[in-house]
Amino acid sequence: MLMSKPDAQIDDVQLVARLKQRDKSALEELVHVHGAKMYGVALQFMRNESDAREVMQDALVSIWNKISSFQGKSAFTSWIYRVTANAGLMALRKKKRRENDISLDAVGTDDDDSPLPALQLSDKGPLPDKVVMTGELGEQVRAAIDQLPEPYRVAVLLRDVEELPMSEVMQETGLSEPALKSRLHRARLALREALLPYLKGRDIQKS
Amino acid sequence: MSMNLIKGLWKRLLRPDACSHTKKLLYEYVEGDLTSETSHKLEKHLGNCPPCLKYVESYRHTIEVTHHHGLPEEPMPPALKQKLCEFIKQHPDLK
């Protein structure tokens with residue numbers, strides 16, 4: 001039996017077709033339909049509305065210019081978030097060059113086994129089950145990611161959130177495989193520490 | 001991590017400080033980068049060491065919740081939406 005596509009998927013198929021036909025109003029519709037998630041991704045990279053807007057603008061230009069390369073092998077939403085994440089990464093690089101005051105090694109080298117500083121979350125109050133039910137876990141996860149130092153945040157966003165292949169993350173970040181693994185591992189340990197009250201096995205010994 | 005280093009770490013797993021070396025193999029184990037032999041030995045240790053097992057579980061769970069909850073959806077301020085629509089109409093690269 002043929003399964004019908006969900007409405008959102010049909011809308012995306014139409015949106016892609018219109019974008020490929022160079023229908024500019026489809027780009028505005030994309031902002032209305034997918035803008036909130038694009039904005040969320042942009043904010044996670046840039047942490048302020050003004051920079052996030054620039055990232056969204058860059059992402060919109062990329063979507064417009066690259067839409068012909070989208071072949072529908074992945075979901076359209078995944079593709080636009082990936083484009084937005086890439087725009088975020090490029091913006092961070094530009095910002096770093098401009099400011100020239102943030103070193104990728106500012107928080108320690110990747111060979112350093114010491115944990116990252118403890119992340120301070122706003123509230124660890126609710127019980128885990130309740131947290132999951134109310135969706136508050138998501139807020140805590142995002143707050144924890146947001147507090148990671150930038151190089152670690154970028155690694156986690158690209159690899160664990162966006163689930164890009166290691167090779168692609170290495171290419172995007174310019175890191176060697178050992179350096180990326182080390183950075184990811186340290187970021188995960190810091191997140192684990194921050195989220196411990198909400199995790200399975202949370203009653204275990206501290207690392 | 002080189003294979004020699006992993007082998008060395010595994011030899012030390014047989015000693016009383018096995019738990020601290022479990023942590024050192026954690027990333028490779030979770031990513032499936034260990035040989036099946038090392039993985040099997042590690043799992044044998046996990047079967048006998050509840051704290052290490054819980055440590056590994058919490059590490060895995062961290063990755064899961066990061067993936068499931070890390071992608072945020074932020075309501076866009078109306079003014080931002082308007083600015084983006086103006087950008088789309090006016091930007092020379094969007095023709």
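What share of the contacts in chain B with a separation of 6 or more is accounted for by residues 24 or more positions apart? The share is 45%, where a contact means heavy atoms within 4.5 Å. The model under discussion is predicted, so that local features need pLDDT of at least 70 and side-chain atom pairs count only at pLDDT 80 or more, while totals for chains, interfaces and linings use all residues. Residues are numbered from 1 along each chain as its sequence is written, chains are lettered from A and ligands numbered from 1 in the order in which they are written, and side-chain values use heavy atoms, with hydrogens and water left out.

Helices (H or I, at least four residues) and strands (E, at least two) are DSSP runs, numbered from the N terminus. Chain B contains six helices and zero strands, giving the pattern α-α-α-α-α-α along its sequence. Of its 95 residues, 41% are buried; buried means under 20% relative accessible area, exposed means over 50%, and partly exposed lies in between, with a 1.4 Å probe and protein chains only. Chain A has nine helices and zero strands, and its sequence reads α-α-α-α-α-α-α-α-α. Buried residues make up 48% of the 207 residues of chain A. Among contacts in chain A between residues at least 6 apart in sequence, 67% join residues at least 24 apart.

The interior comes next. In soluble globular proteins, nonpolar side chains tend to be buried together. A nonpolar core is here a set of buried Ala, Val, Leu, Ile, Met, Phe, Trp, Tyr and Cys residues joined through side-chain atoms within 4.5 Å. The largest such core holds 82 residues, and the members that touch the most others are A:Leu19, A:Leu30, A:Phe45, A:Ile63 and A:Phe76. Helix H2 of chain A (residues 24-46) gives the most to this core, contributing 11 residues. The surroundings of A:Ile63 can be listed: leaving aside residues up to four places away in sequence, A:Ile63 touches A:Leu19, A:Leu27, A:Leu30, A:Met38, A:Trp79, A:Ile80 and A:Val83.

Most residues other than glycine have a negative phi, and most peptide bonds are trans. With a relative accessibility of 38%, A:Arg22 counts as partly exposed.

A:Arg53 is partly exposed because its relative accessibility is 27%. The C-alpha atom of A:Arg53 is separated by 21 Å from that of A:Pro151, 98 residues apart along the chain.

A:Pro151 belongs to a contact between two helices of chain A. Two packed helices are described by the angle between their axes and the distance between the axes. The axes of H7 (residues 150-161) and H9 (residues 177-195) in chain A come within 9 Å and cross at roughly 95°; axes are lines fitted to C-alpha atoms, for helices over the stretch in contact, and angles run from 0 to 180 degrees between N-to-C directions. H7(A) is therefore roughly perpendicular to H9(A), a class covering 65 to 115 degrees, whereas angles under 35 count as roughly parallel, over 145 as roughly antiparallel and the rest as oblique. Residues of H7(A) including A:Tyr152, A:Val156 and A:Arg159 meet residues of H9(A) including A:Leu180, A:Arg183 and A:Leu191.

Finally, the cysteines of chain B may be considered. A disulfide is a pair of cysteine sulfur atoms within 2.5 Å, and by this rule there are zero disulfides over all chains. For B:Cys19, the nearest cysteine sulfur is that of B:Cys49, 3.6 Å away. B:Cys52 is also in no disulfide, and its nearest cysteine sulfur, that of B:Cys49, is 3.6 Å away. B:Cys52 is buried because its relative accessibility is 3%, while B:Cys19, at 26%, counts as partly exposed.
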